[in-house]
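Have a look at the model first, then read on.

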Amino acid sequence: MAKVFRRLRLAGTLAAALLGCPLLHAADAARFDLAGPKVDVHVTRAGKTLPIAQVPNLQPGDKIWLRADLPPTQSVHYLLVCAFLRGTTNPPPDNWFSEIQTWNKKVREEGVTITVPAEAQQVILFLAPETGGDFSTLRSAVRGRPGIFVRASQDLIESGFEQARIETYLAAIRRVPPDDSKALAEHSDLLSRTLNLKPNGDCFKRPVDTQSTCLTQAGNQTLLDDGHGQSVADALNDGSNSDLINQASYTRLAGGGNYSPYVGAIVDLIRITSTLHTAKYQYIPAIAFPDGDALNLRLNTPPSFNNPKSVIVIGLPAIQAAVPPPLRSTDPEAISCLLKPAVVLPVEGAPLVYATALAHDLALHLDGPNGGTDIPVTPDAFRGGLVLAHLPARKPLPIDPSLTSDVESKPAATPESHPAETASTPAPHPGTNAITGTITGFWGFDAFKGPTLQLQDTPGKDWKLADDDILIAGRENHLMLSSTGTACLDTVSLDTSAGKLVETKWKPAEKPATVDVTVSLKSIDPGSLHLAIKQFGDDKADTVAAKTYSEPARLTALELHAGDTTADLTGTSLDQVQQLTIDKLVFTPAPVNFPSNQDTATPIPAPSNSDTQLRLTLPPNSQAPKLKVGEHLTARFSLNDGRTLTLPVTVAPPRPAVTLISKNIGQATPTPIHLAGDDDLPSDELLTFSLKSVASFPRTGKIEISNSDDSLRTTLSVSAGNLVLQNPHTLLATLNPIKDFGTSAFGPLRLRPVAPDGTTGDWIPLVTLVRLPTFKDLRCPADQSQPCTITGSSLYLVDSIATDPAFTSPTTVPEGFVGTTLTLPRPARAGFFLRLRDDPTATNTVTLPILPQSSAGATAPATTAAVPKSLPKTQ
């Protein structure tokens, strides 16, 4: 309460002066609702320029650019005076005052730049109507009573901070539908937390249709102390801790409660400036609302152009060291899901981050390979935190087995380097897929590091019942579900035996990566039950099976094709399956990296997800069982705990299977390059190959060709004319890489058959697609000790060239090479050796006649580039 009492005492001592200024006394001292002029300001420091809206503090040496944005029809000339202050007892020197004639054409168009002098502590602007001796009068007033103007500068800034928070709250509340009481309460709570405001709780006791009006009008609301707004204000003033300001605002001098919950520094500001008046001038305060370069001014008193004329007083940021925003996590133990739509990171502690533009270029830095990832974030008081500008489009970060070591290995940040960083950085919970991210950004010109948050960027896996919970029919049950991560959990639904989905209630449990699910079974009969778990970022719901006893495994379907020695099981928690029995056939889980059998008629497709798919196989060297297509069988699964589950299965038609018989590469364009690999296919050549189908290949079947990551894909078919049936089992195919894939295609290609119903066979390798450069000629000088020059085009496709197959001293071509010549030692008459960028493992030969090098060609032209041998080899 120290600051409140100080303001009240000051108000009392200035009461007599207030009575001497009837214009100000009659005005509503708390309302700054008169639009004033606009002043454009930006600040340059160390070559970097920021608009005034992003500048929280000034420092000696800063260059302040000023320009009064007055209308062309301005009839009264305004003098803009910039004055620097250096304390209450130390009047500033005369050269700390700058006179700016705003009506001057050059000043109006270009503005004026002023440098902050050393030892200055505050800077204040005056807009005064032009009159005789105006500049000297203002300078004398400041030098005569510097303490008054120091205090006015401080309170102008503090008032601006308060009003920015208040207006942010009011604007946000008006966005809520006035008839939505729940939304009003929720957003008011979020705004109160991020802006450190205490709204009037009695508003929520009123009728619904009046609650919004109550929250946005004057009443019993109170502006609370806050972490950053107060720390900045204390730095501007004397460092004392302020308390609730509403007591001062309810005094008669403060306006008797009009906008009283929002009045803080304004109480002092009005009284200080009202004591400053001479025969020529009286001083009226202006609260600045920065928007980019513009200082939009609001006045509480109409300016007077009669004596005493009104001088508008404007405060600029204090000249001091930066006070970074003390952002902190609302709950350090909470984990935020980056996959959730419109992610909001709950961060609080610095309301000016949400109410002003002082904090800018904020980002969430995720540690990871190649320096990590920065995701822009935007402060949003309406939603109660920092909002990710976009969802992270990236691969999931790997989980370090020693999750805490990463934090411990980082050098400890000192208060000087990161004053806003918390003392302890939370480490991800061991055994979860949680990662950490740190809020970074700029506070004005200074970079700062905010809190480190726990995050989750992949859906949780391995969902299961924890602690051997048992469901009891006929009553409400509590189940503990565990996973590698629960932050992305959206809903948990109960799937009953009758096929009815019943949504459950859940909440995070005290144990990490665990949720407490409330399941009501009062109207559910005993039987098989499943929990459907829907997560953000995963279109497919995970399921956990349960009965009156713990049953973590759920079997969804079994796929069994005639002629196969394997069967594919889908479901969840399939690591509990010990074996599968169908009649007398016993299948056991196959190794995770079970190789595909390309030499037999029984292709073995690999499962795409080992957690939800399980491949079971007959013992090695077993013959394919003689099963009839369409035969209905019962599959019995033995679990590790001794229980058994059954699943109906229908024998599906055999998978299509083919083998590669032969292939021929047509060479339409002569080239001196002789490819060493039989599997290398020039990208501009046609490939003709033949296949043998185990079963009769249907006319509507297809051959699918792609690279390993499926970024290149094409289909050959009879209808398209690029697939011909020589007989029911022999296929002739033609691939045109340029037509099917384009000029940027390269790398290994594979193929597989596709049945008319979409059933796919196994992938088998086809060729490696390579792009060839064009070599025009090889010229060598008479002096055999001098290197030769190769001329050609598309030389960026060359990895390296050498005169010997071992590439003892190769000439390596760097990435992005655009030259037309290469150099190498004189090769043998048999030619030189070439490795292509698309297949650098194959050693190819190039046969070119050696031509004499003319005297004019002894030096490479300026438009060509020779590659030195010392360049590193690029793979």
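What follows covers the disulfides and then the nonpolar cores.

## Before you start

Keep in mind that this is a predicted model. Every number below is computed from it.

The model has two disulfides. As a reminder, a disulfide is a covalent bond between the sulfur atoms of two cysteines.

Let's take the link between cysteine 337 and cysteine 488, where the S to S distance is 2.0 Å. The angle about its S-S bond is 95 degrees, and the link is right-handed. Cysteine 337 sits in strand E14 (residues 335-337), while cysteine 488 is in the loop between strand E23 (476-482) and strand E24 (489-495), so this bond ties together parts that are 151 residues apart in sequence. Both ends are tucked away: cysteine 337 is buried at 3% relative accessibility, and cysteine 488 is buried at 0%.

## The other disulfide, and one more cysteine

Cysteine 780 and cysteine 788 make the other pair, with 1.9 Å from S to S. This link is right-handed too, with 115 degrees about the S-S bond. Cysteine 780 is buried at 4% relative accessibility, and cysteine 788 is buried at 0%.

Cysteine 82 is worth a glance as well: its relative accessible area is 0%, so it counts as buried, the cut-off being under 20%.

## The largest nonpolar core

In soluble globular proteins, nonpolar side chains tend to be buried together. Here, the largest nonpolar core holds 41 residues. Which of them touch the most other members? That would be Leu195, Leu345, Val353, Leu364, Leu386, Leu388 and Leu455.

On the helix side, H6 (146-173), H7 (181-195) and H12 (351-355) each supply at least two residues. Strands E17 (359-366), E18 (373-380), E19 (385-388), E20 (434-443) and E21 (446-456) do likewise. Helix H6 gives the largest share, with eight residues.

Setting aside neighbours within four places in sequence, leucine 455 is in contact with Ile335, Ser336, Leu338, Leu345, Leu364, Leu366, Asn433, Ala434, Ile435, Thr436 and Gly437.

Notes. Residues numbered from 1 in each chain as written. Predicted model: local features only at pLDDT ≥ 70, side-chain atom pairs only at ≥ 80, totals over all residues. Heavy atoms only, no water. Disulfide = S-S within 2.5 Å. Helix = DSSP H or I, 4+ residues; strand = E, 2+ residues; numbered from the N terminus. Buried < 20%, exposed > 50% of the residue type's maximum accessible area, 1.4 Å probe, protein only. Core = buried A, V, L, I, M, F, W, Y, C linked by side-chain atoms within 4.5 Å. Contact = heavy atoms within 4.5 Å.
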